[in-house]
Amino acid sequence: MPPLSFSRRTAAGAPLRPAFAALMLAALLPMGCGTGNAPGAAVQPTPAAVQPEAATLSDDRGAPPPPPPLPEPGALVGRGFAQVAGQPGETLNEKRLLAIRAARLDAMRDLTEQVHGIRISSNSLLRDAAMQSDYVAAQVQGTMRGARTVSIEPRGDDGYAVQLELSQALVAQIARAAR
């Protein structure tokens with residue numbers, strides 16, 4: 001195997017001569033970086049009018065987030081909520097991600113109830129005109145596609161709220177597919 005060579009060569013493959021390289025370097029140095037300033041002129045500082053604006057941009061960290069965008073007219077909105085502490089993750093960040101996912105699924109369930117309806121079954125037992133037991137169960141079943149995430153917001157120190165929306169066109173398409 002031939003030894004590796006790190007010598008520079010021209011595009012035609014000829015070795016690059018040190019004198020030629022020095023000449024090219026001397027020719028390119030006066031051009032500068034193309035900043036638009038005259039040769040030899042110092043870089044101009046940022047105008048004072050722009051500096052206060054930049055300071056206010058960095059001070060917005062403590063401001064509340066902007067309100068979520070309004071849903072389009074006729075769109076269905078689903079909201080979901082979940083707590084961080086009840087999640088099975090090992091670290092706080094894992095629990096936060098799982099809480100966001102749980103809130104998103106809760107919002108999907110809310111949308112599914114609105115599109116497909118909810119099935120309620122109940123059973124009540126009366127004996128001698130006194131309620132012995134009362135059982136109520138709700139079931140939702142359906143397919144949801146194309147829900148747009150409108151917002152994911154922290155709620156206090158231990159919760160997240162997610163808002164999803166479905167446009168009228170998607171609701172009509174899902175309803176047609178369900179029939």
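I take buried to mean under 20% relative accessible area. With that cut-off I went to strand S2, residues 119-127. The number of buried residues among its 9 is 0, so I noted S2 as lying largely in the open. The model I am reading is predicted.

**Entry: the S2 partner**

Next I asked which strand pairs with S2. The partner is strand S3, residues 130-139. The pairing is antiparallel and runs over 9 bridges. I picked Ser124 and looked for its bridge partner in S3. I found Asp134 there. Then I checked the connection between the two strands. S2 and S3 make a hairpin, with 2 residues between them. Asp128 sits in the turn, and its phi is positive, about 55°.

**Entry: the whole chain**

I stepped back to the chain. I counted 4 helices and 5 strands. Reading from the N terminus, I wrote the order as α-α-β-α-β-β-β-β-α. The chain has 179 residues, and 16% of them are buried. I looked up the accessible surface and got about 14200 Å². Carbon and sulfur atoms hold 58% of that surface. I then took the contacts between residues at least 6 apart in sequence. Of these, 56% join residues at least 24 apart.

**Entry: salt bridges in H3**

How many salt bridges does the whole structure hold? My search gave 4. I started with helix H3, residues 92-116. Asp106 and Arg109 form a salt bridge through their side chains, at 2.7 Å from N to O. Both residues lie in H3, 3 residues apart, which I read as about one turn of the helix.

Glu113 forms a salt bridge with Arg109, and their closest N and O atoms are 2.4 Å apart. Glu113 and Arg109 are 4 residues apart in H3, so about one helical turn separates them. I noted Asp106, Arg109 and Glu113 together as a network of salt bridges.

Arg109 has 36% relative accessibility and counts as partly exposed. Glu113 is at 23%, so I logged Glu113 as partly exposed too.

**Entry: a salt bridge between strands**

I moved on to Glu165 and Arg148. Their side chains meet in a salt bridge, 2.9 Å from N to O. Glu165 is in strand S5, residues 159-166, and Arg148 is in strand S4, residues 148-154, so the pair ties together parts 17 residues apart in sequence.

Is Glu165 buried or exposed? Glu165 is buried, because its relative accessible area is 5% and the cut-off is 20%. Arg148, at 40% relative accessibility, counts as partly exposed.

**Entry: Gly74**

Last, I looked at a loop residue. Gly74 lies between helix H2 (51-58) and strand S1 (76-83). I found Gly74 partly exposed, with a relative accessible area of 43%.

Technical notes:
Residues numbered from 1 in each chain as written. Predicted model: local features only at pLDDT ≥ 70, side-chain atom pairs only at ≥ 80, totals over all residues. Heavy atoms only, no water. Buried < 20%, exposed > 50% of the residue type's maximum accessible area, 1.4 Å probe, protein only. Contact = heavy atoms within 4.5 Å. Areas by Shrake-Rupley, 256 points an atom, 1.4 Å probe, with all protein chains shown as cover. Pairing = 2+ DSSP bridges.
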